[in-house]
Each structure stands twice: as structure tokens, then as C-alpha cells.
Amino acid sequence: MILTIGGIKLNAQTKGKTKKTVQTDVVSASVLANGQKVYNQYCLSCHMADGGGVQNMNPPLIKTTYVLGDKTRLIKIALNGLAEEIEIDGEVYTNVMPSHGFLKDQEIADVLTFVRNSFGNKASAIKASEVKAIRAEKK
Amino acid sequence: MKKSVLIPVLLSAMVFIALYSFKDISNSHLKGNGPIPDADNAGLKLPEGFGALKVAELGAKARHLVVTPQGDIYVKLARSKEEKGIIVLHESSDGKAQVTGGFGNYGGTGIYLKDGYLYASSNQEVFRYKLDAQNKVIDPNKPEKIITGLKAGRQHETKSLVLDNNGNVYVNIGVNSNSCQEQDRGLRSPGIEGCPLLDSMAGIWQFKAKELNQSYGQGVRFATGLRNVVGLDWNQQNNQLFVMQHGRDNLNSSWPELYNEKESAEVPAECLYALKQGDNAGWPFMYYDQIQHKKIVAPEYGGDKKKEADSKFIDPAVAFPGHMAPNGLLFYTGNMFPEKYKNGAFIAFHGSWNRAPEPQKGYFVVFQPFKDGKPSGDWEVFADNFAGTPEKAAAGRADHRPCGLAQGSDGSLYVTDDVKGAIYRIVYNKK
């Protein structure tokens, strides 16, 4: 068993193709750093430094389906904002989120990737091309 | 020589004995049939001589409350629990209370007791319930709906209320907007000209206590330009309405070129206003800067952080630091607390969120001294540590958040918490 795992690991390290696939699942430090920069500037004042949000007002970003689930829905919230009732774990959040469509595709991709991989979250990265496609769809 | 030494000694001995016996009496009174402070004062930090007990913990969002002389407590819940929006508790002689019932299947904040009626609000309506001679609700299922059809958005939707001594009810109608921008809370989004929302929100409306089904057509817009009021009270000394406004948010996030994070955390002030009919407190066109001591034009309406607003807008009676969210206001008329508290104002600050990334602030009850119906002297923190620790307060992760205030017939001060539904009772036990 140990040998087999070792073998696969060896394969991954030696074969360029396999290595590349592994890398796309791992979010790079520069994406996270850039995402955090955007988060601190535009998101933190409502969702807080710990991603826990604010009671009754601003929803938490910790392990919710809004963050970890459907990427399209999440990208749309960032682009368009949100002004509808949100209920998470029986708690209602009422504050209005303004549109953040003024951010660049890459900035939105990075900040959403940061959120999906912070505060105890673990989910796949969001690419700038995905943001671009949804932004185009909107028009 | 000997004689003159002996007299002071005897006098102090007499004083000592007198004080000691008095202390003994007051202690036995506390043990016998009065509220007994919890050993840890329910976790609160209080001035010397004060104690606190946790009367009950409801496990629901307890907003405003009233306490009757018969020891019943009516608590308004933000959301109904098991189809009850008003919870009734009864106190035993040691001060602890048990839930005895509930009624009114609607969430809300406001509740007030006046002249044989209990008044309570949903986020669109105000009801009143007739009380018997023991201040118990006669028919909890058949309230009179006195006010209806009030606007309620997704923010600042609660309707607090208070009555004067002439049969009028005052209800706040908060506005579902931060600063009347074209895009609410948006980056550099300008203000809507004239702010049409002001016609039916962002003010205090006056209605008749005993008329049914009143709405905007029957009410009077008593005061305008108030973004959102949660804590309000009638000052019996000078027969005037006082309100605490929740000041605007997002100066930095909407106007980063004008306000840095520190400025945006401190400003604008949370203001106490003494209102007269027709007053305009200036929202959304201005805010009060408690550091410059000036009314400043809002950036949405051409402000640059310095430009002063039209002097027609009223000045606050007291200006507190920003974003602390004043949710309860109570003028203390009891006899239990020391003289300096008489007729002064207690204010429950629910605690901030819009100070991030700066440390959060609030989560305490403040005392503002008054003299002859006017603020006199500096405010001070009266009851602190609802949050649990200073770190929890700074992070905005408070264990408890003070919300409503009420005075018991013995002069105790009651405070609700809308995180866990704790009800605190603060007593003075030093004689």
C-alpha cells in the first residue's frame, strides 16, 4: 500500500502532465494574497476580518452554500450585489450588498477564490474567465 | 483635654454602630425578599455599590421590555418563538423569573406600558392590549390595532414606540437606506436629489393612542431627518421626546478618497436629540461630526468632510462615538440609585460593526447625567462587559448585546440582550 502511494507520487513528480493537473487544484499563494488585498479593501468592513459577518445584518462567509456551492450564483452576487432576504442556519440577514461590478474580472476571481479558501472554507478556485463569461451574460 | 478626645471617639463609635446595624438591616432585606445579585454580577462590570443578576435567559432575540409593579415582565422578541412574539415572565422574591406565557405572533421591537394598556409593535403595525388592575393582559388574542401600514424595508425596519402624557403614541419609522444614495451603500454613489424617501420614512410619527387603524394619513410627521431610531423615551421632567439616532455607515467604503478607515470608524456621532414638533435632524443631507463639533454636509450631497450643513438642521443634545448602535434609552426616575442618577439617561449601546477593520465599540450601557431636563456633564460607561471579554467586544463577537431598558417599580434597571435573550437586573445595594 505504502509502496503504491509512493509509486503514484513518484509518477506525479516525474510526469509533467500529471503534475500540472495537481497544481490547478491547489490555489497559488499569489492568488490568495491578491484576493485578501481585495477582501480587506471591499469586503471586510461588512463581512469582518474573520468572515463571520454581523448578526442580523451581514451574512457570514464561513461554510455556507452561498460561498461553497454554485460558483455562478456567487460570481453574480459579487457582480450585482444582493438585496434579497438571506437565511443561513435559521438566522436572517437583511443588509443590502452593493454591486462590486467595478472590480476587474481578475480581482473578483481572486477575492472569491480567497473567500472559498479562507475562514475554514475549502473549495475550488474561480477563474477570471468564468467571471468574464457571467459578466458578458448579464448584458 | 481628656474630654475633647473622648467626645470624638464616642461619636465615631456611635456612627459605627449605627452604620453597622443599618447595613445589617439592608442585608437581611436583600436575603429576605428582594433581588439577590449573582455572585459574579451576571458577568457585568458595574460601578461600586451596584450588583446585577440574570433574571432569565430566553434563548430568543429579546428587544424592548416593560416590568410591572406586580413583578411581571413583558418582553418583545425580534422574531416569534413558538408563535409568541411577546413573552411574559413572573419574578419570584429573589429576583429570578420564570416564563409564565406569551402571546402576539409577530416579531418586532417596541413595547410600552401606559395608563392601563400594553402597547407593542410589529415592523408595520402597533397594537394595544387592555390590562386589568394587576397589569395583566385581559385578552391576549384580541388587541386593538391602532396603527397599520407603516413602511418597513430590509434594514432599519423596527418600530420602537413611546407615549406622552396627552394620549399620543410616537413611533419611529427608520429608512431602508444608508444615505439615500442612488445605489445603497455603493462606491461613490451620489445622493438622490431631495431624498423622496423622507415623505414616509426617516422620522418620528405621532398617532393617537386610542384610535384604530391609523396610518400615514391620520398620523403627524413629528420630526424628520432621522435615519433610524431604536432607543427613545419621554422625558417626564420637561415633558419632551428624546431619541437616539443610529448614524450613517460606510464613509470609508463609499468615499475612500475622503475618509480613511480610522475616520470612518469614529464618525459620524451617534446622536441624542431632544425633539420638538417640526424638527429636522438632517439625514441624509448631513451628519454630525463629534470631533469637529459641527454639522457636516454628507459626501453624497456635495460634502468634502469640512463643509458645514444648513443651520436649520437641529443640533444633538449629546454626541457619542460612531456606530455603537444605541438601541435603548431610559430616563431614570427611580429612588433606588444614588442621587446623581435621578432624571439622567441610560443608553444601551448594542455594539458596532461598521468600525472594522478598527476595533469594534459599544456593547455597554452608558449613563448621561441630566439637570433640569438638559444634559449636564460627561457621559460614562455604567454597565460593561456584556461581550464577555474586551477581545470579544473588539472583534464584534459579543456573548451578549444590550438592547432594551426598563425601570422596575423599586428603581432597579433592567437590560435585555438579543443574542441569547438574557434579562439583567441591576440593583444598588450600598447604603
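Modeller: Let us begin with chain A, which has eight helices and two strands, where helices (H or I, at least four residues) and strands (E, at least two) are DSSP runs numbered from the N terminus. Read along the sequence, the elements of chain A follow the pattern α-α-α-α-α-α-β-β-α-α. This is a predicted model, in which local features need pLDDT of at least 70 and side-chain atom pairs count only at pLDDT 80 or more, while totals for chains, interfaces and linings use all residues. Residues are numbered from 1 along each chain as its sequence is written, and chains are lettered from A and ligands numbered from 1 in the order in which they are written.

Colleague: What share of the residues of chain A count as buried?

Modeller: A residue is buried if 20 or more other C-beta atoms, placed from the backbone, lie within 10 Å of its own, exposed if 12 or fewer do, and partly exposed in between; by that criterion 28% of the 139 residues of chain A are buried.

Colleague: Which residues touch the most other members of the largest nonpolar core?

Modeller: A nonpolar core is a set of buried Ala, Val, Leu, Ile, Met, Phe, Trp, Tyr and Cys residues joined through C-beta atoms within 7 Å. The largest one holds 110 residues, and those that touch the most other members are B:L65, B:V75, B:V171, B:V243, B:F346, B:I423 and B:Y424. A second, separate core of 25 residues includes A:Y42, A:V54, A:A109 and A:V131.

Colleague: How are the strands of a sheet paired, and in what order do the four strands of the open sheet in chain B lie?

Modeller: Strands of a sheet pair through backbone hydrogen bonds, either parallel or antiparallel; here two strands count as paired if DSSP finds at least two bridges between them. In chain B the order is β14-β15-β16-β20, with antiparallel pairing, and the edge strands, each pairing on one side only, are β14 (229–235) and β20 (318–320). Five bridges join β14(B) to β15 (residues 240–245) of chain B, and B:Q240 in β15(B) is the bridge partner of B:N235.

Colleague: How many residues of each chain are in contact across the two chains?

Modeller: Two residues are in contact if their C-beta atoms, placed from the backbone, lie within 7 Å, and on this basis 15 residues of chain A are in contact with 15 residues of chain B.
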